[in-house]
Every structure is written in C-alpha cells, then in structure tokens.
Amino acid sequence: MDIEQKQAEVINHFVKQASTLQVSLLTPLIVEATAHPSLFAFSEILAVPSVAELEGTENSRYLDVLRLFAYGTWTDYKNNAGRLPELIPDQVLKLKQLTVLTFAETNKVLPYDQLMQELDVTNVRELEDFLINECMYAGIVRGKLDQLRRCFEVQFAAGRDLRPGQLGNMLQTLSNWLATSEDLLVSIQEKIKWADTTSELDKQHRKDVEDRVEEVKKSLSLKVS
C-alpha cells in the first residue's frame, strides 16, 4: 500500500472519530492523530465542525496544536511553546518530519547546516540518520545525501496542507504562468512563421538566380554558335 492510500485511510478514520465525539473529548484524539506515524495531513480533521468548536474553549490550545501540525514547523512550536501543550516524543518526531517537508516543498537543495539548525540536530551523522530512517524510509521524501557538498538533494516531497488563502495564491501563480506560457507560445509561433516566410523568400531568390544563370548560359551558347 502506497503512502497516499495509507494516509487516506488514516485521515478517514480520524475524521469519522472526530465527527462522533463531543468537543470535550477531542483532546486525546488530536494527540493521537498528530502522533500517528502514517498521518502527515490534517486539514480534513480541522474541517470537522466539532473540532472547529474547540475555538474559545479551555481546550482551544489543542486546536492550535492541530493547526501547528497542519501548517507549522518545529521552530514555530519552540517559539510558541509557552502557550501550547508539551509534545510527546512521537509528536516531536512528526513535527520534525513535517519541518523537512516544508523546506523540501520549495527547495530542491537543503543545506545540512540549515536542517541541523531547524531540527535541533547537533551533527551530520544524526541528521543523515534522521533523513534516511524517519523521512526517506517513511516515504515522505526521496533524495540524495551529498556529504561532500553537505546538502540533501530533494527528488520528491509529499505535499503539506495548504494554509487558508494559499490555494488562491497558487491559482493566481498558475494563471500568471499560463498567461506567460501563452505569450511565449505566440512568440514562438510568430518566429516559426517568420522563418518559414524567410525560407520561402530564400527559395524564390535561389530560383531567380538559377533561372538567370540559365539565361546567361543560353545567351553565351548562342553567341558561340
């Protein structure tokens, strides 16, 4: 079973569970979901009405935890640790995996120094073990460890949840790209047309020259006769 299918089943399980629980009973479920080894997307759980009702309650910080795992990084947690529940080890691991995904989504070359700082890793061996055992073996990224250049070259990265409003920005970016592509296509077509026209003119010019040469040959032949 591939990671997408496995994750879809896990998401479906937690969405069903969240939909049947009272708001006051959602806290353990959120901890379980954010610690689950096969779950890396949380927007569907966030969209469950009972989960949204945590806002403004005494357990609203667990809603913040769910948002953190949907959109945030390990650094985001450290910066807000004072107002969030303490994470259990499996949650810490998951958030660090998600942190790698965040950087791998937008960068194809991840410097070791940057990753060690973001993940609180103290040496290259520990970092490479994490990337291999917790990221590549988990199927969330694929890539090459380059010890000489001290970087991780990303070949594939699973996508994270889209932040509210991010989809609109992505669609606008795609629209701009399509418009640029269309302009480029028109430009290419015009250049091809110009080249074809130039080619036809060259052919006609060569024919005119060849015809003129033949006329001169015939004229010379008549004079010799």
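This is a predicted model: local features need pLDDT of at least 70, side-chain atom pairs count only at pLDDT 80 or more; totals for chains, interfaces and linings use all residues.
**View 1. Helix H1 and its buried face.** Helix H1 covers residues 3-20, and at 1.5 Å a residue its 18 residues should span 26 Å; the end C-alpha atoms are 26 Å apart, so expectation and model agree. Look for Gln7, Val10, Ile11, Phe14, Val15 and Ala18, which are buried. Seen down the axis of H1, these buried residues fall within an arc of 135°, so they line one face of the helix. A handy reminder: an α-helix has 3.6 residues a turn, so residues three or four places apart point the same way. The buried residues of H1 pack against helices H2 (26-35), H3 (43-46) and H4 (49-52). Lys16 and Thr20, on the other side of H1, are exposed.

**View 2. Helices H7 and H9 where they cross.** H7 (residues 89-106) packs with H9 (residues 124-136) at an angle of about 100°, and their axes are 11 Å apart. The two helices are therefore roughly perpendicular to each other. H7 brings Leu93, Lys96, Gln97 and Val100 to the contact, while H9 brings Phe130, Leu131, Glu134 and Cys135. Sorted by class, this contact has 5 nonpolar, 1 polar and 2 charged residues.

**View 3. Aspartate 120 in its loop.** Here is a backbone detail to check: aspartate 120 is not a glycine, yet has a positive phi of about 60°. Aspartate 120 sits in the loop between helix H8 (112-119) and H9. Its relative accessibility is 39%, so aspartate 120 counts as partly exposed.

**View 4. Arginine 150 between two strands.** Arginine 150, also not a glycine, has a positive phi of about 55°. The loop that holds arginine 150 lies between strand E2 (141-146) and strand E3 (151-157). With 35% relative accessibility, arginine 150 counts as partly exposed.

Terms used:
Residues are numbered from 1 along each chain as its sequence is written. Side-chain values use heavy atoms; hydrogens and water are left out. Axes are lines fitted to C-alpha atoms, for helices over the stretch in contact, and angles run from 0 to 180 degrees between N-to-C directions. Helices (H or I, at least four residues) and strands (E, at least two) are DSSP runs, numbered from the N terminus. Angles under 35 degrees count as roughly parallel, over 145 as roughly antiparallel, 65 to 115 as roughly perpendicular and the rest as oblique. Contact means heavy atoms within 4.5 Å. Ala, Val, Leu, Ile, Met, Phe, Trp, Tyr, Cys and Pro count as nonpolar, Asp, Glu, Lys and Arg as charged, and the others, Gly among them, as polar. The expected span of a helix is 1.5 Å times one less than its number of residues. Buried means under 20% relative accessible area, exposed over 50%, partly exposed in between (1.4 Å probe, protein chains only). The arc is that of the directions from the helix axis to the C-beta atoms.
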